[in-house]
Amino acid sequence: MLNQIDLSRIDLNLLVLFETVMEERHVGRSGQRLNLSPSAISHGLGRLRTLLGDPLFLKTPKGVVPTDRSEELAAPIADILARVRSVVATAEPFDPACSQRRFTIGAPDGVSSVFLPPLLDLLAKSAPAIAISIRQLLPRPGEPSPDLAWRDALAALEARDMDIAIIPQAEFPVRFASLLLYEEDFVIAARQGHPLLTDPTLANYCAAQHLVVSHLGDTHGFVDNVLASHGCSRRVALTVPNFMFALAVLAETDFISALPRRFVEMHAARFGVVSVNPPLLLGRFAMNATAPKAAMRDEGVAWLVRLLQASMDTAIDKTRAHGGSRPAPGKVGTLAADSVSPGAWIAQLRSSCD
């Protein structure tokens with residue numbers, strides 16, 4: 001009963017007022033944004049001070065400054081309001097042509113660099129007011145199991161910290177829906193004129209100086225495991241934290257790097273970087289879009305998954321037109337993703353969520 005009484009004292013508008021004053025640091029400007037008088041803002045701040053037991057904002061000649069307690073509360077209150085806004089948005093019929101919602105997609109940077117350009121093209125045509133936030137996802141350091149390496153991403157999805165994750169994981173817990181967007185393998189990338197390009201033997205590959213993309217600076221990756229299985233090794237001369245930086249470095253050095261094929265096809269040319277097939281198979285990875293089945297009941301999230309699939313189909317068709325390859329058909333459960341319309345896929349997916 002005590003918790004119910006405490007909650008009954010909270011006016012959600014007071015949290016909006018707190019957020020606005022925190023951003024403006026000025027009572028008058030906050031009133032203008034909220035269409036309230038300065039006295040109404042001051043009265044609301046008084047109620048907040050009583051509720052939270054802190055002065056919250058201190059007057060200065062130029063406005064107000066937050067107290068330490070306000071600084072501590074800023075992030076939790078922003079999170080509360082974001083969740084409330086999301087709930088309200090999903091309660092309304094979703095019309096992508098008019099919606100101003102913001103969606104958060106999590107992915108490793110080499111993956112977001114592949115799906116984002118075609119996705120933005122489709123958004124510009126069909127949903128110009130939709131906003132996208134990209135959250136960089138990283139596997140758990142030192143986790144050898146692919147199905148466990150991305151569990152932090154799954155936890156973030158269930159916490160609704162993001163709407164969709166696109167990760168190189170093949171199997172998901174039953175409470176998640178997934179759709180194969182594309183498959184990825186690796187090529188060896190280097191500057192134009194690099195000697196390896198004309199004679200990409202295993203011996204020459206191992207003898208070269210290697211660049212590895214590693215957020216934490218770890219020099220050992222899955223390529224080293226493949227080489228070790230063939231009794232070989234390589235020297236990693238440099239690590240960089242992201243794939244675009246890798247292309248920039250390769251363009252100006254004699255380093256080589258094993259990079260995702262589709263990423264290289266889309267972005268390497270502008271850096272003057274070219275690629276060849278590796279001297280041994282480095283494996284293939286399924287890039288799956290995933291979200292909790294409960295989240296798929298949100299019309300907006302379901303629409304975004306459809307759009308991601310359409311954007312990747314467009315990108316793959318362009319790659320094929322330039323001599324690239326199309327990945328194997330994707331599946332959601334037993335449903336081939338490229339054999340039905342996106343609407344039919346969503347309908348079957350939702351029926352499996354009931």
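## The sheet

Five strands line up as an open sheet in the order β4-β3-β5-β12-β6, with mixed pairing. Strands here are DSSP runs of E, at least two residues long, and helices are runs of H or I with at least four, numbered from the N terminus; two strands pair if DSSP finds at least two bridges between them. Because β4 and β6 sit at the edges with a single partner strand each, one side of each has no neighbour in the sheet. The twist averages 20° from one strand to the next.

This is a predicted model, where local features need pLDDT of at least 70 and side-chain atom pairs pLDDT 80 or more, while totals for chains, interfaces and linings use all residues. Residues are numbered from 1 along each chain as its sequence is written, and side-chain values use heavy atoms, leaving out hydrogens and water.

## Strand partners

Take β3 (residues 102–107) and β4 (residues 131–136): they run parallel, joined by six bridges. A107 has Q136 in β4 as its bridge partner.

Over in β5 (residues 164–167), the pairing with β12 is antiparallel, over three bridges. There, I166 stands opposite A289 in β12.

## A helix on the sheet

Helix α8 (residues 151–158) packs on the sheet and touches β4, β5, β6 and β12; contact means heavy atoms within 4.5 Å. The direction of α8 makes about 25° with that of β12. Axes are lines fitted to C-alpha atoms, for helices over the stretch in contact, and angles run from 0 to 180 degrees between N-to-C directions.
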